[in-house]
Amino acid sequence: MKLKRELLNGFLIFVGIGLYFILLELIGLSDNVWLRIFNAFIVAWGTNRTLQGNFEDGIRGYFTNLTSAFITSMIGAILSIAALLGYISYMGGESYLQNLPQNFVFGGGELTINYYCLGLLFESTAASLAVSFVLMQYWKGKLEIINKVD
């Protein structure tokens, strides 16, 4: 694992997600939940960059690379949630939060900014794990020496 690579690719995920959601906001599609799901492709792109770099540098081992992939995607997620927290606060706080789509998985009821961001953290953790495991299935034969535990 190279923390520098994970930080860089996590930051690229953050920038990609930020630009994607700004574009959705500008074209008026930010309330479409189905379009919001496509941010997983941005996370997969950044996470794959980390695994590809690890492969090129000869960093082997399933768990080493799975951890590296998860750290990368969580860096992007945490930065994105922090930026969203700032954006919601800037746009009016709790009153702006009521204008956001109510049909998220964790939505409904009386949400506060902290509950909203906490829900996003749980959702992004699950998505980061899923993306990391899926990408490791692709890279497993290249990054793992069979019958050797790291």
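Residues are numbered from 1 along each chain as its sequence is written, and side-chain values use heavy atoms, with hydrogens and water left out. In this predicted model, local features need pLDDT of at least 70 and side-chain atom pairs count only at pLDDT 80 or more, while totals for chains, interfaces and linings use all residues.

Phe11, Val15, Leu19, Ile22, Leu23, Leu26, Ile27, Leu29 and Leu79 make a nonpolar patch of about 840 Å² (patch residues have over 30% relative accessible area and no salt bridge, with nonpolar side chains joined within 5 Å). Helix H1 (residues 3-26) gives the largest share, six residues.

The Ser73 side chain reaches the backbone oxygen of Phe70 at 3.1 Å. Leaving out residues up to four places away in sequence, Ser73 touches Ile13, Val43, Thr47, Ser128 and Ser132 (contact means heavy atoms within 4.5 Å).

Val43 turns up again inside: with Ile17, Leu51 and Met136, Val43 has the most contacts within the largest nonpolar core, which has 14 residues. H1, H3 (39-56), H4 and H6 (113-143) each supply at least two residues of this core. A second, separate core has nine residues, including Ile81, Ile88, Tyr96 and Leu120. Core members are buried Ala, Val, Leu, Ile, Met, Phe, Trp, Tyr and Cys residues joined through side-chain atoms within 4.5 Å.

Key. Patch = residues over 30% accessible without salt bridge, like charges linked within 9 Å, V, L, I, M, F, W, Y side chains within 5 Å. Areas by Shrake-Rupley, 256 points an atom, 1.4 Å probe, with all protein chains shown as cover. Salt bridge = Lys/Arg side-chain N within 4 Å of Asp/Glu carboxyl O. Helix = DSSP H or I, 4+ residues; strand = E, 2+ residues; numbered from the N terminus. Polar contact = N/O pair within 3.5 Å; in protein donor to acceptor, adjacent residues only side chain to side chain. Buried < 20%, exposed > 50% of the residue type's maximum accessible area, 1.4 Å probe, protein only.
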